[in-house]
Amino acid sequence: MKQIVIGCLLCLLFILSGCNQQQAQPGSTSCEGGYQVVDDAGREINLAGKPQRIVSLTYGTDEILTDLVDSKRIVAYSRWAGDEGITFITKEQARIVGCRMDENTEKILLLQPDLVFVSTSASEEFVKSLENMQIPVYQAGSPDSFEEMREKVFGIAQAVGEQERGRQLVSGMDARLSRLQKQLAGLEEKEKKVAVAFGFESAIGRRGGLLDDMLTKSHVINGAGLLPGEMQTNHISKELVVQINPDIFLLPTWNYDNKHNVNGYYNSVLYDPAYKDVTAIKQNQLKFINDKYRYVNSHHVIDAIENIARSVYPHIFRGEK
């Protein structure tokens, strides 16, 4: 009996010693060199160790990963990499990685990845097809606020085993936001501008979305967010824009399907009879905010907030480089 007890104790000690002695980060566990994380879809992902062959299928994860890991660990970016109309990944960065990928299971398999990042909107069939081939898949979401973006960065950092680097990225975001808030603190409520953002199809910017949060943190009033709850949609009519009477129009810049003329759209809005009495038109306050800022999906959200503030309140930043 004594030998059995001793044997059980030795077995328990062996199991405990096999686990990583380093404290696991929130949302992750580790044992025997591997670890487990939870992605933005709430799924548990098991990883044998720090992934060394990463495939990223979204421009947001492209950007976050680029500032978390050595480029040698990224074997493919998303198809948007290098398109500076929508992403912060430069053509040179895309060239260094050398491969751009979409949701093609066979092509991804040829890259022999040990972790693939996809969107939470990716089809269940696609995700399962990768997992059936024993490829770990992390689903990354599209945050609705700066705070949620911080959590997204933390989650991806945990997945690639770079928690400290993730903390540094988030700390940088926080520091820059704090500095910006101090710069804008002198704005009185009556000085804050009301803006309405446009896509090529209509005005956009529902309350509670990321654009709404970025405008708020830029001390800009989101005109679309002023509408009653029943009018909070992804497409806002001309009649409602006139009702809002914004000080500024924020116009799109990314010709994503090669079917839109940015300057032509500018003129169509400027000379639209429906808008002739709107303050933004009367004061010629039509501004371009690059779509990589408006549709940001990474830690570069702080770049977007700063860019909006500088565009709307240039006098506050006059003299800065």
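At what angle do the axes of helix α6 (residues 146-159) and α8 cross? In this predicted model, the crossing is at roughly 115°, and the two axes come within 9 Å. Angles of 65 to 115 degrees count as roughly perpendicular, so α6 is roughly perpendicular to α8. On the α6 side, the contact is made by F146, E147 and M149. On the α8 side, L210, D213 and K217 take part. By class, this contact has three nonpolar and three charged residues, with no polar ones.

Helix α8 (residues 210-217) also packs against helix α13 (residues 301-312). Their axes come within 8 Å and cross at roughly 55°. That angle makes α8 oblique to α13. The crossing is right-handed. Helix α8 contributes L210, M214, L215 and K217 to the contact. These residues meet V301, A304, I305 and I308 of α13. By class, the contact of α8 with α13 has seven nonpolar residues, one charged residue and no polar residues. L210 and K217 of α8 meet α13, and both also take part in the contact with α6.

Strand pairing was examined next. Strand β4 (residues 54-56) and β5 run parallel and are joined by two bridges. I54 stands opposite I74 in β5. Strand β5 spans residues 74-78. Buried here means under 20% relative accessible area.

Conventions: Residues are numbered from 1 along each chain as its sequence is written. This is a predicted model: local features need pLDDT of at least 70, side-chain atom pairs count only at pLDDT 80 or more; totals for chains, interfaces and linings use all residues. Side-chain values use heavy atoms; hydrogens and water are left out. Axes are lines fitted to C-alpha atoms, for helices over the stretch in contact, and angles run from 0 to 180 degrees between N-to-C directions. Helices (H or I, at least four residues) and strands (E, at least two) are DSSP runs, numbered from the N terminus. Angles under 35 degrees count as roughly parallel, over 145 as roughly antiparallel, 65 to 115 as roughly perpendicular and the rest as oblique. A crossing is left-handed if the near helix is turned anticlockwise from the far one by less than a right angle, and right-handed if clockwise. Contact means heavy atoms within 4.5 Å. Ala, Val, Leu, Ile, Met, Phe, Trp, Tyr, Cys and Pro count as nonpolar, Asp, Glu, Lys and Arg as charged, and the others, Gly among them, as polar. Buried means under 20% relative accessible area, exposed over 50%, partly exposed in between (1.4 Å probe, protein chains only). Two strands pair if DSSP finds at least two bridges between them.
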